[in-house]
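Reader: I would like a close look at one part of this model, and then at what surrounds it. Please keep the account plain.

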Amino acid sequence: PAPGEAAAPDESLPIIGRSPAMQETYRLIARLVTTDLSVLITGESGTGKELVARVLHDHGSRRRGNFVAINMAAIPKELIESELFGHEKGAFTGATTRQAGRFEQADHGTLLLDEIGDMPFEAQTRLLRVLQEGEYTSVGGRRPIRTDVRIIAATNHNLRRLVEQGLFREDLYYRLNVAPLRLPALRERTADIPDLVRHFLAEAAAAGLPHKVFEPAALDRLERYGWPGNVRELENLVRRVTALAADDSIGADVVDAELADASDT
């Protein structure tokens, strides 16, 4: 980095951007990789929460263990406890074999509880007990299983508001929010857009897509857009343009057409 710029914790970090908002994020990550504290990553959808969770794991003391992610919003309510804690053979209809849960898979590693704000209240109670006692029983099991995992939770919800509404346990919130890490929205770090575009273009070329370049006027259009879908939306736009645009040089007209389509959907 240039003089006066804070360095990322490691030059190999897969995080792009040198804007002031990202420098603050790097400083926090640098402090958190040296600890085993529970981290609560907050930010809008598409800001890269799972990417940052992986960085905390890959550069921390548990990097030799597994990094296991579970998305609370993607699992039916009645299956969450089985997914987290595993189940024994015969524990319920269809449980024909013993199944290890995510806590067991992540032992001595890191467990990312993604979209934690969507976790059902009953499962929150069970999770809190595990975090307090350091052990759990599988569904249908009797023997307590010790657990040694680092917990990283991520959400695009305002958990404090969910607590006030009685939808999220306050004691669990404080247990998870030991070290808060907020990821900035892309509209708060528009200076990073040229670097991000170059990165996504290089990735697309490495994947066999045509090599493209964005003209300065096209980059200017991108920097003035609001990006409701954040970095993920920018990545999708770059990949789409790379695959479909006829010319190697991407002008402002192509970007304008893409952004007009985005605002219509």
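How many bridges join E3 to E6, and do the two run parallel or antiparallel?

Author: Five bridges join strand E3 to strand E6, and the two run parallel. Two strands count as paired if DSSP finds at least two bridges between them. The elements themselves are DSSP runs numbered from the N terminus, with helices (H or I) of at least four residues and strands (E) of at least two.

Some conventions come before the detail. The model is predicted, so local features need pLDDT of at least 70 and side-chain atom pairs count only at pLDDT 80 or more, while totals for chains, interfaces and linings use all residues. Residues are numbered from 1 along each chain as its sequence is written, and side-chain values use heavy atoms, with hydrogens and water left out.

Confidence can be stated briefly. pLDDT is the predictor's confidence in each residue, from 0 to 100. The chain averages 90, and 94% of the residues score at least 70. Among the elements, strand E1 has the highest mean pLDDT (98) and helix H11 (residues 252-264) the lowest (86). Over residues 1-10 the pLDDT stays under 50, and the model has 16 contacts beyond four places in sequence for that stretch.

Back to the strands. E6 is mostly covered, with six of its six residues buried. Buried here means under 20% relative accessible area, exposed means over 50%, and partly exposed lies in between (1.4 Å probe, protein chains only). Arg150, Ile152 and Ala154 point one way from E6, and Ile151, Ala153 and Thr155 point the other way.

Apart from neighbours within four places in sequence, leucine 113 is in contact (heavy atoms within 4.5 Å) with Ile70, Met72, Leu84, Leu127, Ile151, Ile152, Ala153 and Ala154.

Leucine 113 also belongs to the largest nonpolar core, which has 31 residues; Leu84, Phe103, Leu113, Ile116 and Phe168 touch the most other members. Such a core is a set of buried Ala, Val, Leu, Ile, Met, Phe, Trp, Tyr and Cys residues joined through side-chain atoms within 4.5 Å. E2, helix H3 (80-85), E3, helix H5 (121-133), E6, helix H6 (159-164) and helix H7 (170-176) each supply at least two residues of this core. H5 gives the most, with five residues. A second, separate core of 21 residues includes Phe200, Phe214, Leu222 and Leu259.

Next, the aromatic rings. The whole structure holds five aromatic pairs. Rings of Phe, Tyr and Trp (its six-membered ring) pair if their centres lie within 6.5 Å; planes under 30 degrees apart count as stacked, over 60 as edge-to-face and the rest as tilted. Phenylalanine 103 and tyrosine 136 form a tilted pair, 5.8 Å centre to centre with 45° between the planes. This pair links distant parts of the chain, with phenylalanine 103 in helix H4 (residues 102-105) and tyrosine 136 in strand E4 (residues 135-136), 33 residues apart. Phenylalanine 103 counts as buried because its relative accessibility is 1%, and tyrosine 136 is buried at 4%. Tyrosine 225 and tryptophan 227 form an edge-to-face pair, 4.6 Å centre to centre with 85° between the planes. Ring pairs also link Phe85, Phe103 and Tyr136 into a cluster.

The buried residues of H2 are Lys49, Val52, Ala53, Val55, Leu56 and His57. What covers them includes helix H1 (20-32), E1, strand E2 (67-71), strand E3 (110-114), strand E6 (150-155) and strand E7 (179-182).

A polar atom of the threonine 47 side chain lies 2.7 Å from the backbone oxygen of glutamate 44. Not counting residues up to four places away in sequence, threonine 47 touches Leu183, Pro184, Ala185 and Asn230.

Asparagine 230 is in helix H10 (residues 230-244). Although not a glycine, asparagine 230 has a positive phi of about 60°, and it is buried at 0% relative accessibility. Glutamate 115, in the loop between E3 and H5, is likewise not a glycine and has a positive phi of about 50°. Glutamate 115 is buried, with a relative accessible area of 14%.

Notes:
Polar contact = N/O pair within 3.5 Å; in protein donor to acceptor, adjacent residues only side chain to side chain.
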